Amino acid sequence: SLSSAAVEDIAEMQEADIPGNVNLIIQVDFGPFNENPDARRFKIEGKNLKTIKALGEIDSGDYTELSDFISWGKEKYPAEKTALIIWSHGNGWMAGYNKFCPDTQTGNFINITEGELSSALRDANADFDILAFDACNMLSIEVAAEIYEYSDFILGSERGVPEDGFPYNEILPHFWNHSDTVIISNEIIDSYVNSHMPFGSQNPYGDDYAVSGAVLRSAEFYNLRTKISAFSNYGFTASDIAEIAEIRNNMKLEFNDLHADVDLENLFFEIGENISNIEISALCQEILDQIESSFSVQYFHDGQHPNISAGAASIWFPENPDTYKYLSPDYNNLSFPNTT
C-alpha cells in the first residue's frame with residue numbers, strides 16, 4: 001500500500017541533486033499493482049536515476065534480503081560515513097495488524113521477536129553512523145535493544161509516521177552540508193517533524209496531526225537499560241504495584257495497534273511524580289536524567305496533549321492483562337526483557 005509513495009520519495013531524492021562524493025543507493029521492491037512490480041537497485045547521480053540491477057521478484061519480508069543489500073552496498077560503495085534508512089510499514093517489535101517490512105506477495109515480514117532484524121545487521125557486519133526508520137512506531141526501547149550495537153545513532157518515531165514519511169529532498173543535503181554525525185542526525189529529525197507540522201512541506205493544508213521524532217545515542221543505551229533494570233528489579237510491595245497500575249491506567253499517551261505502548265519519559269515522570277514511595281521516585285528521576293543524556297534530540301507535537309513531555313522512545317506496558325498474556329511469549333524472546 002506504500003508502493004506509490006515510494007515512487008514519490010525517489011523523485012524527492014532526485015530533487016536533492018546528489019554530489020559526486022556521495023553514493024545514494026536504493027533498493028525497492030514495488031507492489032504487485034505497480035507498472036513494474038519487481039525489485040530493483042538504483043543509484044542517484046546528480047538528479048538522474050540509474051538502474052544498477054534488476055532483481056526480479058524477491059521476498060522483502062525475508063531478512064536475508066536486507067542483509068544482502070547491506071553487505072553488497074558496503075563492498076561496492078565503501079565510504080567514510082554510512083547511513084541506512086529502512087522505509088516501509090512498521091509496528092515496533094509487534095506483528096499485529098501492521099508488521100515490519102511486509103511483502104505483499106508472500107505475506108512474509110521481518111520478525112523482530114525472532115531476532116530477524118538483529119540477524120540482518122549482524123550477518124552483514126553492520127556498523128553504521130546512522131540507522132533511521134522511516135516507518136511507524138519503530139523507535140521503541142525494545143527495538144533499540146535489538147540493534148544499538150550496529151549503529152552510532154538510531155533515528156525514528158515512537159508513534160505513527162505519516163504516509164509521505166521523510167522529506168528526502170530536505171533531509172539528504174544534511175549528509176553533505178554537515179560533518180558532525182550528531183548534527184546530521186538532529187537535522188534529519190528536525191526536517192522530518194517540521195515537514196509534517198501544519199503548513200509544512202508535506203502538510204500544505206495545515207492539518208494538525210500528531211508527529212514525533214528522536215535521535216538515540218547508542219553509546220548511552222547500555223546506561224539507560226541499566227537504570228530501567230534497577231527500577232524493574234526493585235522490591236515492589238503490593239501497594240507499590242497498585243499505585244503504578246493506577247498511574248498507568250490514567251496515562252494519556254498510548255501507541256501502536258493495541259495502544260499498549262507508552263512514552264518512556266512520560267511513564268517515569270508520571271510514576272515519579274505520583275507514587276508515594278520516595279525510593280521508587282528517586283529511581284524514576286535517575287531514568288529521566290539518563291533519558292536526557294541518551295537522546296540528542298526529541299520532538300513531540302500533539303494538539304491534544306500540548307503540555308506533556310514526551311517524544312523519546314516507547315516502552316511496552318499493556319494496561320490490559322489479556323494483552324500481556326497474549327503477547328508475552330513473543331515479548332519474552334526479545335533482548336530487552338531478558339536484560340532488565
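**Figure 1. Contacts of histidine 174 in the predicted model.** Beyond four places away in sequence, histidine 174 touches Ile184, Glu187, Ile188 and Ser191. The structure is a predicted model. Histidine 174 belongs to helix 6, which spans residues 173-177.

**Figure 2. Polar partners of the histidine 174 side chain.** The side chain of serine 191 makes a polar contact with the side chain of histidine 174, at 2.8 Å. The histidine 174 side chain also reaches a backbone atom: the oxygen of glutamate 187, at 3.5 Å. Is histidine 174 buried or exposed? Its relative accessible area is 11%, which is under the 20% cut-off, so histidine 174 counts as buried.

**Figure 3. Helix 3 and its cover.** Helix 3 runs over residues 116-123 and is mostly covered. Six of its eight residues are buried. Which ones are they? The buried residues are Glu116, Leu117, Ser118, Ser119, Ala120 and Leu121. An α-helix has 3.6 residues a turn, so residues three or four places apart point the same way.

**Figure 4. Packing partners of helix 3.** Which elements do the buried residues of helix 3 pack against? Two are helices: helix 2 (63-76) and helix 4 (141-147). Two are strands: strand 4 (83-87) and strand 5 (128-134). Just after helix 3 comes asparagine 125, with a positive phi of about 50°.

**Figure 5. Fold and extent of the protein chain.** The protein chain holds 13 helices and ten strands. Its radius of gyration is 20 Å, close to the 20 Å that the globule rule gives for 340 residues, so the chain is as compact as a globular protein of that length. Along the principal axes, the C-alpha atoms fill a box of roughly 65 × 40 × 35 Å. Take contacts between residues at least 6 apart in sequence: 68% of them join residues at least 24 apart.

Figure 6. Of the 340 residues, 51% are buried. The chain exposes about 15,500 Å². Carbon and sulfur atoms supply 47% of that area. How many side chains carry each charge? There are 18 positive and 55 negative side chains. The centres of the two sets lie 7 Å apart.

Key: Residues numbered from 1 in each chain as written. Predicted model: local features only at pLDDT ≥ 70, side-chain atom pairs only at ≥ 80, totals over all residues. Heavy atoms only, no water. Helix = DSSP H or I, 4+ residues; strand = E, 2+ residues; numbered from the N terminus. Rg over C-alpha atoms; globule rule 2.2 N^0.38 Å. Buried < 20%, exposed > 50% of the residue type's maximum accessible area, 1.4 Å probe, protein only. Contact = heavy atoms within 4.5 Å. Areas by Shrake-Rupley, 256 points an atom, 1.4 Å probe, with all protein chains shown as cover. Lys, Arg positive; Asp, Glu negative; His and termini not counted. Charge placed at Lys NZ, Arg CZ, Asp CG, Glu CD. Polar contact = N/O pair within 3.5 Å; in protein donor to acceptor, adjacent residues only side chain to side chain.
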